[in-house]
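Here is a short briefing for a first look at this structure. Keep the model open while you read.

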Amino acid sequence: MELNLQELNATEFPVPTELENNIAITSLSQLYNWGRRNSMWPMLFGLACCAIEMIATASSRFDFSRFGFEVMRATPRQADLMIVSGTVTKKMVVPIVRLYNQMPEPKYVLAMGACASGGGPFKEGYNVVSGMDKYLPVDVYVPGCPPTPQALLYGMIALQRKIDGQSIANGDDVPWYGVGTAEATPVPVLGPDIIDPRQMDMIRRQAEASARDLDRLGGRELPAATQLVAAKVETRETAAEAEPIDDDALSFVLPAGAAPWAEAEDIREKRRLRALARKALRASRRAAAVEEG
Amino acid sequence: MVAPALDPEVQTNSTTIEGAIDYLVSARPDAVSPDSRDGYEGIIVAAGQLLEIARMIRDDLGFDYLSSATAVDYLGEGDHMEMVYHAYRTSGGGALVFKAQTDREQAEIPSLTSVWRGADFQEREAWDLYGIRFAGHPNLKRILMWEGFHGHPMRKDWREAYYEEEQKPFDSRWPGGHVHRSEEKNVFGKNVAYPPDIDLGRLMDTSETAVYQSLGLGVDVERIMDKDGFETNELVVNMGPHHPSTHGVFRMVLTVDGETVTSLAPVMGYLHRNHEKIGERNTYLHNIPFTDRLDYISSMGNNHGYVLAVEQLMSLGRRYNEPTYRCEALRVMMVELSRIVNHLWAIGFWLNDIGAFFTPVLYFIQERERILDFFEAVAGSRMMCNYMRFGGLFGDLPERIKSVSNLTNDRVRDYNTMQFLTEMINERIPRTIDELELLLTQNEILIERSMGVGVLSRDDAINFSAAGPLLRGSGVAYDIRRAEPYSIYPELDFDVAVEDEGDMYARYRVRVTELRESVRILRQILPRLEATKGESIWADGKPGAYAPRVPLGEAYGRVENGKGELGYYIVSAGGRNGSMNPWRYHVRAPSFINLTPMGVMCHGHKVADIVGILGSIDIVLGETDR
């Protein structure tokens, strides 16, 4: 969105003649977004091949500063946008999630290239995360292997358009305009394989089930991935229907006894309800105004 | 550790590889036997005597340079593990290949780090991925995966979470074309699998503590506090994996005394994307685009090494034609252009590292953009060219190509290809190199900053298996294009760049000289292209087979890439008439092995110099971690 001055000046609100063309009237959201979308500073953060094209996009021929991605900041504390430029490995996803948590809100993630979007050519690799969105919320996906600088620019402009549509009046729209503190994304743990804390209960159930199954077969010698898949007792679909595990069993896995993400769910739910209430209030006020006027 | 002058009696017999093998077999018949398998070369050494024989190979026979050390798992093909070593003489010539075999279950082989320190990281990699223990290794810890990972993933019976079949093409995909998402078949919806005995009760991330322990360090905070209180001695500093100057996701753990570095250990694996495991599932042709993504600055060079290795194997069979002359000329041209791209990039980012932030880079990568335009016109992609094929190429040069006329305005112009090339090679690139030299070579700040910093002595460079500008900057005139020539390099006129000082500035000078030599080679290629105009790029006029059957045996193809010696060790096994998929696909990555002497080079320098030293080695993480 460009701020079109002509449009802003031609307003329905009465402006004294002598001030015409000197006063612009717009909504706070629009003005705020205009400032934000034109000063998106990406984090100086390269992962793999795509990083080279990202550097090419930043340098003289393509120059993303023209569109407001002014400078790349090496520290996450000063960055608005994380361009995940390359293959995300299990070993690397731990620092990436930590970096994302360190970025101040509002923050955005752009998955650059096939690997960051879904694993790409390396998807089947044992150390590869099949897409950044398995761990972080991704706003824009740019296809390509690697995407050309033009494609990356297009993706970045698409992100600007997305920002234009966000409203600070609606707390339900984006999490950072709501109330309460933002919850951090849980940092994965490097165990025998990478462990997403959000999936802990599911992993536990699987491990128990496969251990039971193997006991019956007379032992559990080879700690290989295949046996777990072979001894598959439930899939994601059936897992949803399975009886919930008791909290006592989980408690030793979790630090403080209670599930932090359950709390987060709670806050999110409250936020949603509050937003709905606000919406209803606005609607009723509008209806009242129509009735009066 | 310079190789001692050869004993004249030994020398007469053993200057050739065959002579050396004969000498070893006759001197130590108890420990050495020739490798008599079909398509294999070299000797098999009894694991117990490996250390002794390795010393003989280095000291008596003069093979002072250990290029590659890698493991192969022959499950079902003899059921043993094998370590394969390729040793060369820095005076040039072919490889002495020696192997040591061990049992799969209790795999243990003596470490060669006391003979060649360059074996350090490679042995750690073999431990990490194959589970071979190296007796006598000073720091046998995982290097690419994290400490605590389950299993050794390159073993043939280890399967990844998204495992589908042993080899491609998978039945589900071809010829039926039923594509599915692996996530949907995995219980967790992710690329993970856990061993059944996973102990969730004692779940702790031990990978970090393991890193510090392997360096002989406690937790960093303990080191800061002296027993008296606040006196600080030594501090542990982590640089990376997210750091603007580590050229990607590379990490260094330093201990510093004030500003001075007392020890440094590289930590890698943050971009380990399982090239080799995926490569062994792929067909031979599948792997070409994957090689692009190794050293992603110079993909053409990566293609070349792999294609040479497979061609070596294919030439053992009947249905194989040598590449035509035009094909070879085009290959050399592409490779030399990538070398220019690589060195411009390397010098630009090295300057970035020593403090000239980004401005020099902008100048140097201008010319790169033009070369990439050329690659895009010829191969279809700017960076990942996927251009070479076994016995040929993807395509010939187009008649006309499109490129920007001027990089400050993006207007695209149409050029005659040969005209474009001639102008680029004769005018633009030399002008860029002149400009670069004018700004840098006599620049006092640069000289002050880089002379005498990060010195690697000649003996260390050889012993640490350094390659490329790092080796030649230390006074070893070893360039594979001359030492063991391939393609049409023997008939081309160029010099090997070499500098004796072994510091950052010497490496810079080597790169500048190589830029000039590349231009010299390109100038000789242009008339060859004109002369072969109209000649096919394929020997029999039509493209090679989509899924060639490659004769059984082993091959080691190596090329001089921008960053150093890039080697591919390929084993074809598992069939009777040849195989469709490589049994073993190993990449000898210069960026990986060049990091072995990093600790030695950085000792006693300031933290700010470490960044420059890393830049002067010129690594790329796609290749380091594979």
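This is a predicted model: local features need pLDDT of at least 70, side-chain atom pairs count only at pLDDT 80 or more; totals for chains, interfaces and linings use all residues.

In chain B, one open sheet has 5 strands, and another open sheet has 3 strands. Chain B also touches chain A, with 60 residues from chain B and 63 residues from chain A in the contact.

**The five-strand sheet of chain B**

- The strands follow the order 1-2-5-4-3, and their pairing is mixed.
- Strand 1 (32-34) and strand 3 (65-74) of chain B are the edge strands, each pairing on one side only.
- On average, neighbouring strands of this sheet are turned by 25° against each other, direction ignored.
- Strand 1 of chain B runs antiparallel to strand 2 (residues 43-45) of chain B, and 3 bridges join them.
- Look for Ser33(B): opposite this residue stands Ile44(B), in strand 2 of chain B.

**Helices on that sheet**

- Helix 3 (residues 50-60) of chain B lies across strand 1, strand 2, strand 4 (80-88) and strand 5 (96-103) of chain B.
- The angle of helix 3 of chain B to strand 5 of chain B is about 175°.
- Helix 4 (residues 119-130) of chain B lies across strand 3 and strand 4 of chain B.
- Helix 4 of chain B runs at about 10° to strand 3 of chain B.

**The three-strand sheet of chain B**

- Here the order is 8-9-10, and the pairing is antiparallel.
- Strand 8 (235-239) and strand 10 (260-267) of chain B each have a single partner strand, so one side of each is left without a neighbour in the sheet.
- Neighbouring strands of this sheet are turned by 20° against each other on average, direction ignored.
- Between strand 8 of chain B and strand 9 (residues 251-257) of chain B there are 5 bridges, and the two strands run antiparallel.
- Met239(B) has Met252(B) in strand 9 of chain B as its bridge partner.
- Helix 21 (residues 607-617) of chain B packs on the sheet and touches strand 9 and strand 10 of chain B.
- The direction of helix 21 of chain B makes about 150° with that of strand 9 of chain B.

**Where chain B touches chain A**

- The contact takes 60 residues from chain B and 63 residues from chain A.
- Helix 5 (182-185), helix 8 (275-281), helix 12 (359-379) and helix 22 (621-625) of chain B each supply at least two residues of the chain B side.
- Helix 12 of chain B gives the largest share of that side, 5 residues.
- By class, the chain B side has 34 nonpolar, 15 polar and 11 charged residues.

**A helix pair in chain A**

- Helix 2 (residues 28-37) and helix 6 (residues 149-164) of chain A pack at an angle of about 160°, with their axes 9 Å apart.
- Angles over 145 degrees count as roughly antiparallel, and helix 2 and helix 6 of chain A are therefore roughly antiparallel to each other.
- The crossing of helix 2 of chain A past helix 6 of chain A is right-handed.
- From helix 2 of chain A, Asn33(A), Arg36(A) and Arg37(A) meet Gln160(A), Ile163(A) and Asp164(A) in helix 6 of chain A.
- This contact has 1 nonpolar, 2 polar and 3 charged residues.

- Ala20(B) is in helix 2 (residues 17-27) of chain B.
- Is Ala20(B) buried or exposed? Ala20(B) counts as buried, because it has 26 C-beta neighbours inside 10 Å.
- Arg520(B) is 500 residues from Ala20(B) along the chain, and their C-alpha atoms are separated by 37 Å.

Key
Residues are numbered from 1 along each chain as its sequence is written. Chains are lettered from A and ligands numbered from 1 in the order in which they are written. Two strands pair if DSSP finds at least two bridges between them. Helices (H or I, at least four residues) and strands (E, at least two) are DSSP runs, numbered from the N terminus. Axes are lines fitted to C-alpha atoms, for helices over the stretch in contact, and angles run from 0 to 180 degrees between N-to-C directions. Two residues are in contact if their C-beta atoms, placed from the backbone, lie within 7 Å. Ala, Val, Leu, Ile, Met, Phe, Trp, Tyr, Cys and Pro count as nonpolar, Asp, Glu, Lys and Arg as charged, and the others, Gly among them, as polar. Angles under 35 degrees count as roughly parallel, over 145 as roughly antiparallel, 65 to 115 as roughly perpendicular and the rest as oblique. A crossing is left-handed if the near helix is turned anticlockwise from the far one by less than a right angle, and right-handed if clockwise. A residue is buried if 20 or more other C-beta atoms lie within 10 Å of its own, exposed if 12 or fewer, and partly exposed in between; C-beta atoms are placed from the backbone.
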